[in-house]
Structure formats: structure tokens, C-alpha cells
Amino acid sequence: MRNPLLVLIGCLFSLGGAHAQSNLGELLDLGAKKILKPEYVASLPTTVFAVWPDGKGERRLTFFPDGKITGNEKHYASGATSGSVGKWTMTDSGKICTSVRFTVWQGSREECRYFFRVGSDVYITLSDAARATPVQKQTIQ
């Protein structure tokens, strides 16, 4: 893995448990800074690993500077796997959205988040302004 920052950012969909800070307001009070597109793009390409938000599977995805995503997904209970292809976009305000389609399974997944950094720690959240919005710390997998 090329860049630990991107590994943390790339894990945006793992949504692991929050550590220490539980909401955006607490992060901002600690001086959190939003991660914007130039910093994100500069760290690409890289491959990231994340457990699904419901804990029932995992994904390994590679994010590329041109906005493409490729990888695979695995469902733990069945052992079934599927390729994943998609794209990511990021607004100037730092909102990153991904759209991933499964190549074997039916369906797709679309998600949007914001990234904040406090020191070397990276957190994800659904809002960049609502102080009560929960945050989740990302860890290198």
C-alpha cells in the first residue's frame, strides 16, 4: 500500500466503531481539518480493505486518480465473491461519493461521506457541518 493516508481514506465504507470522539463537533473542537480533493488525489492509486458496515462481508478496492474503482467483495456466511467496478467523485467541498456495481451479484452500492483529519487520525462522517453527526475513526487494515 502506497500511502497510509489513502488507506485510511479508502476505508471510508468500513464504518468501524468510533474511538474517543463520537461526533463532528468534538472533532472540530480538536481542530479537525476536512480532507479535500487535491490531498486525496495526490495519494492515489492505492488498494484498501474494509469490512462491510453490517459486518457480513468485506471488500478490497483499488482507487485510481482517473476516478475508477476496481476490486472484489466477499460475503462471509456464504463464501460467495463478486468483482466490483465503479467510480468515485469528489466535490471541491470534500464530499466523496462512490458508485460500485457488482460483476457477479445483482445490485450496486452508492455512498457519500466526508473525511476529517485530527493529527494522523482520519474520520468519516455523513455531514461536514452538523456538529451532532456521528463520526467513525478509520484504521489501517
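Reader: Before anything else, what does it take for two strands to pair here?

Author: Two strands pair if DSSP finds at least two bridges between them, and this is a predicted model, so the bridges discussed here are those of the prediction. With that in mind, K33 stands opposite R117 in strand β7, and strand β1, which covers residues 33-34, pairs with β7 in the antiparallel sense over two bridges.

Reader: OK, and is R117 itself buried or partly exposed?

Author: R117, whose place is in strand β7, is partly exposed, with a relative accessible area of 23%.

Reader: How far is R117 from L30, in sequence and in space?

Author: R117 and L30 are separated by 87 residues in sequence, while their C-alpha atoms lie 10.0 Å apart in space.

Reader: Which way do β6 and β7 run, and how many bridges join them?

Author: Strands β6 and β7 run antiparallel and are joined by six bridges; as one example of the contacts between them, T98 has E111 in β7 as its bridge partner. The two strands form a hairpin with five residues between them, and G107 in the turn has a positive phi of about 115°.

Reader: And what about β7 and β8, how many bridges there?

Author: Strands β7 and β8 pair over five bridges, again in the antiparallel sense, and V118 stands opposite D121 in β8. They also form a hairpin, this one with two residues between the strands, where G119 in the turn has a positive phi of about 60°.

Reader: Switching topic: which cysteines form a disulfide?

Author: C97 and C112 form a disulfide, and their sulfur atoms are 2.0 Å apart. The link of C97 and C112 is right-handed, with 115° about the S-S bond, and the count of disulfides comes to one.

Reader: What sort of pair do Y40 and F115 form?

Author: Y40 and F115 form a stacked pair, 6.1 Å centre to centre with 20° between the planes. This pair too links distant parts of the chain, from Y40 in helix α3 to F115 in strand β7, 75 residues apart. Y40 counts as buried because its relative accessible area is 0%, and F115 is buried as well, with a value of 0%. Together, Y40, W88 and F115 form one aromatic cluster.

Reader: Which residues touch the most other members in the largest nonpolar core?

Author: In that core of 14 residues, Y40, F63, I69, W88, M90, I96 and F115 touch the most other members. The elements that give two or more residues to this core are β3 (57-63), β5, β6 and β8 (121-125).

Reader: What lies apart from it?

Author: Another core lies apart from it, made of seven residues, among them L24, L27, A32 and F116.

Key
Residues are numbered from 1 along each chain as its sequence is written. This is a predicted model: local features need pLDDT of at least 70, side-chain atom pairs count only at pLDDT 80 or more; totals for chains, interfaces and linings use all residues. Side-chain values use heavy atoms; hydrogens and water are left out. A disulfide is a pair of cysteine sulfur atoms within 2.5 Å. Rings of Phe, Tyr and Trp (its six-membered ring) pair if their centres lie within 6.5 Å; planes under 30 degrees apart count as stacked, over 60 as edge-to-face and the rest as tilted. Helices (H or I, at least four residues) and strands (E, at least two) are DSSP runs, numbered from the N terminus. Buried means under 20% relative accessible area, exposed over 50%, partly exposed in between (1.4 Å probe, protein chains only). A nonpolar core is a set of buried Ala, Val, Leu, Ile, Met, Phe, Trp, Tyr and Cys residues joined through side-chain atoms within 4.5 Å.
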